[in-house]
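Biologist: I am new to this structure and would like to go through it with you step by step. Could you show it to me before I start asking?

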Amino acid sequence: MSSVSYATVDVFTAERFAGNQLAVIPDARGLSDAQMQAIATEFAYSEVTFVLPPENPENTARVRIFTPTTEVPFAGHPNVGTAFVLGRQQEIFGRKPGQALRFEEKAGLVEVTLLGNEGVVSGARIIAPQTLQIGPAIDPAVIAASAALRSDELSERAHRPVRISVGLPFAVAEVRDLAVLSKARPNVSAFEEANTRYPLAEDSFSLFLYARTLERPWYVRARMFAPLDNVIEDPATGSASAALGAYLVSLLPDADAKVELVIEQGVEMGRRSIIAIAVGKRGGAIREVSISGDCVTAMRGVIEV
């Protein structure tokens, strides 16, 4: 019987046992696809990452990301957490890690900058691998049913419900206020119907709900439900947060803008997360979206395979 080492980290938080849990396998050489999926299912976190040597030696590593049910092309907190783990190692496949890392993923190359103080890595900032993709529009009744809400509890003051992506697609909708956001609950039957109506090749129907005030438009409270991936609720979803930030900035009338958002998630789960998003818009187009956050190590161990 062989074994592999793992580390778990809490991502988008500076407090242990808050934020979003992530398991990282820093050296996944020798594991089959089936073993990777089985390990991800065993952890039952929203994602587990498996780190392999890069195909191009100019890059740092190849990173594969698995939910409890499937492999996905990109996700935010797995990249931030994986960078944190690798950045604290003495070496990554024989090379000393620098401040800048580059991950090969199914969605493309992910550029990473390690964050910290006095040489101690405390988090990471990543650049979304794809440009903003918008569409299709989602029927508000589908959103409301999926979240066990009434249609009049949704808000269309900024946009109608829509699917957006900067590497991994989500249905996104604004709700009327924090009270509505807090009472939302995933309706699995409605999610299954939504998945049939709005199918995806790379993943199942996932819903990112958010609320904000006119006084603080760039401070957002959010929740993410993906029950068809066995993720009833996710405490922090960097890829959805990045897509939302990019989309909201794209709606601004300004041709050029640089906007920083804070997205607070996981409050209702008792795992508060803080996700920093920065969006650059030039010539009327979104040019760059970054996702930043702190991390803390939670556990280390060995998996028998």
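Biologist: In which sense do β11 and β12 pair?
Modeller: Please keep in mind throughout that this is a predicted model. Strand β11 covers residues 162-165 and strand β12 covers residues 170-175, and V162 stands opposite V172 in β12. Over three bridges, the sense in which β11 and β12 pair is antiparallel.

Biologist: Which residue takes a positive phi in the hairpin of β11 and β12?
Modeller: The hairpin has four residues between the strands. Within the hairpin a positive phi near 155° is found, and the residue that takes this phi is G167.

Biologist: Which residue of β11 is the bridge partner of I134?
Modeller: Strand β11 is also joined to strand β9, residues 133-137, by three bridges, and these two strands run antiparallel. In β11, the bridge partner of I134 is I164.

Biologist: Which residues of β11 point the other way from V162 and I164?
Modeller: In a regular strand the side chains alternate between the two faces of the sheet. In β11, V162 and I164 point one way, and every one of the residues on either side is buried. Those that point the other way are R163 and S165.

Biologist: Is S165 buried or exposed?
Modeller: The place of S165 is in strand β11, and S165 touches T131, L132, Q133 and A243, leaving out residues up to four places away in sequence. Because its relative accessible area is 6%, and the cut-off for the term is under 20%, S165 counts as buried.

Biologist: Which backbone nitrogen does the side chain of S165 reach at 2.9 Å?
Modeller: Two backbone nitrogens come into the picture here. That of L168 lies 3.0 Å from a polar atom of the side chain of S165. The one reached at 2.9 Å is the backbone nitrogen of G167.

Biologist: With which side chain does that of E153 make a polar contact?
Modeller: E153 is found in the loop between α3 and β10, and E153 is buried, with a relative accessible area of 3%. Leaving aside neighbours within four places in sequence, E153 is in contact with V175, R176, V180 and K183. The polar contact, at 2.5 Å, is with the side chain of K183.

Biologist: How many residues of β13 are buried?
Modeller: Strand β13 takes in residues 207-211 and is mostly covered. L207, L209 and A211 on one side and F208 and Y210 on the other are all buried, so that both faces are covered.

Biologist: Which residue in β14 is the bridge partner of F208?
Modeller: On the one hand, β12 and β13 pair in the parallel sense over four bridges, and E174 stands opposite Y210 in β13. On the other hand, β13 and strand β14, residues 219-226, pair in the antiparallel sense over five bridges. In β14, the bridge partner of F208 is M224.

Biologist: Which element gives the most to the lining of the largest cavity?
Modeller: About 130 Å³ of space lies in the largest cavity. Its lining has 21 residues, of which E47, L168, F170, M224 and D234 lie nearest its centre. The elements that give two or more residues to this lining are α2, β14, β15 and α6. With three residues, the element that gives the most is α2.

Biologist: Which strand gives the largest share of the lining of the largest pocket?
Modeller: The largest pocket has a volume of about 260 Å³. It is lined by 19 residues, of which R125, I127, A278, E288 and S290 lie nearest its centre. Elements that give two or more residues to this lining include β7, β8 and β18. The largest share, six residues, comes from β17.

Technical notes:
Residues numbered from 1 in each chain as written. Predicted model: local features only at pLDDT ≥ 70, side-chain atom pairs only at ≥ 80, totals over all residues. Heavy atoms only, no water. Buried < 20%, exposed > 50% of the residue type's maximum accessible area, 1.4 Å probe, protein only. Pairing = 2+ DSSP bridges. Polar contact = N/O pair within 3.5 Å; in protein donor to acceptor, adjacent residues only side chain to side chain. Contact = heavy atoms within 4.5 Å. 1 Å grid on protein atoms, 1.4 Å probe; cavity = no way out; pocket = protein on both sides within 12 Å on 5 of 7 lines; lining within 4 Å. Points joined across faces, edges and corners; volume = space filled by probe spheres on them.
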